[in-house]
Amino acid sequence: MELARNVHEGLPPPTSQIKDTTLVRGDYLYYHYGCDGVDDRGWGCGYRTLQTMCSWVVDQDPVPRRPIPTLPQIQEALVQMQDKPSSFFGSRSWIGSVEVALCVDYFYEVPCRIIHIRQGNELPGVVEELRAHFQSVGAPVMMGGDTDNSSKGILGLCSGPEGHYLLVLDPHSYGPGLDVMRAQQSGWVQWQPITSFDQGSFYNFCLPQYKAMLPATVK
């Protein structure tokens, strides 16, 4: 099944008064529920965001080391790393930002940084760290929480007089691949004010540290 590429492109800013916008740099594919024929509704959102991140890493590498891992391959890797028991393989258990970080390193030798905040009302405190990540590395970010347990991709951020917004790629679309227009019209990629996130949930952000994209090594 052909997947949509760079579904955020052409999406207008959330308001006309936006002053600073920083976005993902490089190409990625939009992985979501059922995009490969596997019905993972209700448990696969973290896996799908991981696959989207992996597609970005593969696109940066002139000689891809490994293809995008399947859901069983992701589970098998976590068992092999002894992060999960053997019963995890073949299960419908969720994964979060920490497991995603382990897998990006396992499959591509790209370490990840985890940013943890205790509550959603602390989100303004990570804005500058996310901005610096998109400016220096440019990789998609995973965002996951506890009471807000819907894993999601973060493709950028912007700021204006009314506050800060995150560009969210939602992996919960189910079925055949969407084109860019339908993904945007359906809200599967959209700007969300940081005040719209669960203020009581903790959040973990997973930031791939792909060295080849750092300014000091760009050729």
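## Strand pairing around S3

Met143 stands opposite Lys152 in strand S4. The model is a predicted one, in which local features need pLDDT of at least 70 and side-chain atom pairs count only at pLDDT 80 or more, while totals for chains, interfaces and linings use all residues. Residues are numbered from 1 along each chain as its sequence is written, and side-chain values use heavy atoms, with hydrogens and water left out.

Strand S3 covers residues 141–145 and S4 covers residues 152–160; the two pair in the antiparallel sense over three bridges. Pairing requires that DSSP find at least two bridges between two strands. Helices (H or I, at least four residues) and strands (E, at least two) are DSSP runs, numbered from the N terminus. A hairpin through six residues connects S3 to S4. S3 is also joined to strand S7 (residues 203–208) by four bridges, and these strands run antiparallel. Gly144 has Asn204 as its bridge partner in S7. Four of the five residues of S3 are buried, and the strand is mostly covered. Here buried means under 20% relative accessible area, exposed over 50%, and partly exposed in between (1.4 Å probe, protein chains only).

The largest nonpolar core has 59 residues, of which Leu166 and Phe205 touch the most other members. Helix H1 (residues 45–60) supplies the largest share of this core, seven residues. Such a core is a set of buried Ala, Val, Leu, Ile, Met, Phe, Trp, Tyr and Cys residues joined through side-chain atoms within 4.5 Å. Not counting residues up to four places away in sequence, Leu166 touches several residues, including Leu130, Met143, Ile154, Trp191 and Phe197; contact means heavy atoms within 4.5 Å.

Gln51 is located in H1. Gln51 counts as buried because its relative accessibility is 2%. Beyond four places in sequence, Gln51 touches Tyr31, Ile68, Pro69, Thr70, Leu71 and Ile74.

## Aromatic pairs and charges over rings

Rings of Phe, Tyr and Trp (its six-membered ring) pair if their centres lie within 6.5 Å; planes under 30 degrees apart count as stacked, over 60 as edge-to-face and the rest as tilted. By this rule the model has five aromatic pairs. One of them joins Trp43 and Tyr47, edge-to-face at 5.4 Å centre to centre with 80° between the planes. Both Trp43 and Tyr47 are buried. The ring centres of Tyr106 and Phe107 are 5.1 Å apart and their planes lie at 85°, so this pair is also edge-to-face. Tyr106 is partly exposed, at a relative accessible area of 29%, whereas Phe107 is buried, at 5%. Tyr106, Phe107 and Tyr108 form one aromatic cluster.

Two charged side chains are placed over rings. The charged end of Arg41 sits over the ring of Tyr174, 3.8 Å from its centre, and that of Lys84 sits over the ring of Phe88, 5.6 Å from its centre. The criterion is NZ of Lys or CZ of Arg within 6 Å of the ring centre and within 35 degrees of the ring normal.

## Confidence

The mean pLDDT of the chain is 92, and 95% of its residues reach 70 or more; pLDDT is the predictor's confidence in each residue, from 0 to 100.

Over residues 213–219 pLDDT stays under 50, and the model has twelve contacts for them beyond four places in sequence. Where pLDDT is low, the predicted coordinates should not be read in detail.
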